Amino acid sequence: MTDMPVPRRKPIVPLPKRRNLLADGQNPEDIEISKSQLRWLVDMRDQVMKLRINAENRARTIEQGRDEGSLDFFQNLGAMFSDMEDDIIRVAEDQIKTHPAWDWLSKINGVGPLTAAKLLAILGNVEDRENASQLWRYCGLAVVEVQCKECEGTGEVDGKPCENCQGRGIHGRREYFQKGQKTQPYNARAKTQMYLLGNNLLRSGSKFAVIYDRARARYGQTRPYWTLSHQHRAALRVREKVFLSCLWKVCRRNAGLPIRPPYVIEYLGHTTEFDPSQFVEWEPDQFIGRIESRMSWSRRDKGNEVVE
């Protein structure tokens, strides 16, 4: 039996030089994009980013000798997706600066134009929510009451008040996807974006970090039976709720709509209410000085040489 001839592959030709998404001399500010189109633009950026990473990984494996193929082709492909991603980011960042809430978001440490564009594109019309609780549930931060598993709803364990539900027989837990549930209780992408934004607020030293510290200390005293990880995640949710409530107030004020007090103040008798102005990090005229001071923090002088 003779071996079948193996067909020869056609040589891969490098990609030709592409045209930029923006015309020569065109500014991103000249492009008008609606809110729905902004969400599509943010989704397109995520898809292009994945394609760029795949092309760069393939080029790296070929360069290291772990795969065969045209190195120039995949390098050009990665460069093309990189330029396309940069153009999309430029347009998204310039479009978000026209949003009514950007004046407040730009003064929050840890929130940049791209992060704000992704968040507002997913949330849509924030001012259309009648209260901040609707925004919390849309982002997966709502709490539902369920029967306590420790005391099985009786409120007592061995004749003593249950610590898990504090003797009520019920306790609150977060909403989550359940198997067989037809309607989803929240937007998974909004929840993910809020989690990433919350980490940015914590790592950047934002004033919202104070909310996290207070909640973490309170849970350590009132919920000592919780694990440290449980206390950490619960404090993160408190900070994300405060951020969303402030964002909701800013959007409602800009739209000239009334603002209802939070549920805990209107019905439960709480007195602490946060205002968006409490978390403003700087004013626009202080922006340049703050950036220069941050750059000086990351430098170390060694003689006449400055090491970044």
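Helix α7 (residues 208-222) and helix α8 (residues 228-254) pack with their axes 8 Å apart and at an angle of about 140 degrees, where the axes are lines fitted to C-alpha atoms, for helices over the stretch in contact, and angles run from 0 to 180 degrees between N-to-C directions. The helices themselves (H or I, at least four residues) are DSSP runs, numbered from the N terminus. α7 and α8 are therefore oblique to each other, given that angles under 35 degrees count as roughly parallel, over 145 as roughly antiparallel, 65 to 115 as roughly perpendicular and the rest as oblique. In passing α8, α7 makes a right-handed crossing; a crossing is right-handed if the near helix is turned clockwise from the far one by less than a right angle, and left-handed if anticlockwise.

This is a predicted model, in which local features need pLDDT of at least 70 and side-chain atom pairs count only at pLDDT 80 or more, whereas totals for chains, interfaces and linings use all residues. Residues are numbered from 1 along each chain as its sequence is written, and side-chain values use heavy atoms, with hydrogens and water left out.

On the α7 side, the residues that meet α8 include Phe208, Ile211, Tyr212 and Ala215, and among their counterparts in α8 are Leu228, Ala235, Val238 and Phe243, contact meaning heavy atoms within 4.5 Å. The residues of the contact of α7 with α8 divide into 12 nonpolar, three polar and three charged; here Ala, Val, Leu, Ile, Met, Phe, Trp, Tyr, Cys and Pro count as nonpolar, Asp, Glu, Lys and Arg as charged, and the others, Gly among them, as polar.

Helix α8 also holds lysine 249, which is buried at a relative accessible area of 6%; buried means under 20% relative accessible area, exposed over 50%, and partly exposed in between (1.4 Å probe, protein chains only). When its neighbours within four places in sequence are left aside, lysine 249 is in contact with Ile259, Glu273, Phe274 and Pro276.

Charged pairs are the next topic. The structure holds 10 salt bridges, each defined as a side-chain nitrogen of Lys or Arg within 4 Å of a carboxyl oxygen of Asp or Glu. In one of them, the side chains of aspartate 43 and arginine 189 meet at 2.7 Å, N to O. Because aspartate 43 lies in helix α1 (residues 35-63) and arginine 189 in helix α6 (residues 188-203), this pair ties together parts that are 146 residues apart in sequence. Aspartate 43 is partly exposed, at 23% relative accessible area, and arginine 189 also counts as partly exposed, at 32%.

Arginine 52 takes part in a salt bridge with glutamate 85, their closest N and O atoms being 2.5 Å apart. Since glutamate 85 lies in helix α2 (residues 71-96) and arginine 52 in helix α1, the pair ties together parts that are 33 residues apart in sequence. Glutamate 85 is buried at 5% relative accessibility, and arginine 52 counts as buried at 16%. A salt bridge also joins arginine 52 to glutamate 56, with 3.3 Å between the closest N and O atoms; these two residues, four apart in helix α1, are separated by about one helical turn. Glutamate 56 is partly exposed, with a relative accessible area of 30%. Arg52, Glu56 and Glu85 belong to a network of salt bridges that also links Arg45 and Asp46.

Leucine 38, too, is found in helix α1, and is buried at 10% relative accessible area.
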